[in-house]
Amino acid sequence: FRSQGSGLVRAMREIPEIYFQQDFSLAHPGTFAAACPDAHDVSSMSMVLQERLSHHLDTIEVHLLREIGSRSDSFFEALGVLQELNTVIESTCEHITGLRAHV
């Protein structure tokens, strides 16, 4: 049995850590050099860089969708329980109001 979230964690480990830094910006020369170590000729690397970034994005997106899908059933079950509880609370409040009126 695969624990929930393990696929996403594994996917995130495939992506270089530099992409998760708060100040990540390819506009910074140091960040660009670290993210694209082969980028000596920027014009030829443009497509390669775009494909690499797209691949990283796709990896995270696929695993996020799997995680959301695996948890959606329990979310909707919990929502149903909360709605039932709300109905019981409303009914109880109406009953209490009625009892107070008779006291």
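Tutor: In this predicted model, Leu64, Leu65 and Ile68 form a nonpolar patch on the surface, and together they have about 290 Å² of accessible area. One of these residues, Ile68, lies in helix α3, which covers residues 42-102. Isoleucine 68 has a relative accessible area of 55% and counts as exposed, because the cut-off for that class is over 50%.

In soluble globular proteins, nonpolar side chains tend to be buried together. The largest nonpolar core here has 7 residues: Ile15, Ile18, Tyr19, Ala35, Cys36, Leu49 and Ile60. Apart from neighbours within four places in sequence, Tyr19 is in contact with Phe24, Ala35, Arg52, Leu53 and His56. Of these contacts, Ala35 is also listed in the core.

Aromatic rings come next. The whole structure contains 2 aromatic pairs. Tyrosine 19 and phenylalanine 24 make a tilted pair, with 5.2 Å from centre to centre and 50 degrees between the planes. Phenylalanine 75 and phenylalanine 76 pair edge-to-face, with a centre-to-centre distance of 5.2 Å and 75 degrees between the planes. Both Phe75 and Phe76 are exposed.

Note on methods. Residues numbered from 1 in each chain as written. Predicted model: local features only at pLDDT ≥ 70, side-chain atom pairs only at ≥ 80, totals over all residues. Heavy atoms only, no water. Core = buried A, V, L, I, M, F, W, Y, C linked by side-chain atoms within 4.5 Å. Buried < 20%, exposed > 50% of the residue type's maximum accessible area, 1.4 Å probe, protein only. Contact = heavy atoms within 4.5 Å. Patch = residues over 30% accessible without salt bridge, like charges linked within 9 Å, V, L, I, M, F, W, Y side chains within 5 Å. Areas by Shrake-Rupley, 256 points an atom, 1.4 Å probe, with all protein chains shown as cover. Salt bridge = Lys/Arg side-chain N within 4 Å of Asp/Glu carboxyl O. Helix = DSSP H or I, 4+ residues; strand = E, 2+ residues; numbered from the N terminus. Phe/Tyr/Trp six-rings, centres within 6.5 Å; stacked < 30°, edge-to-face > 60°.
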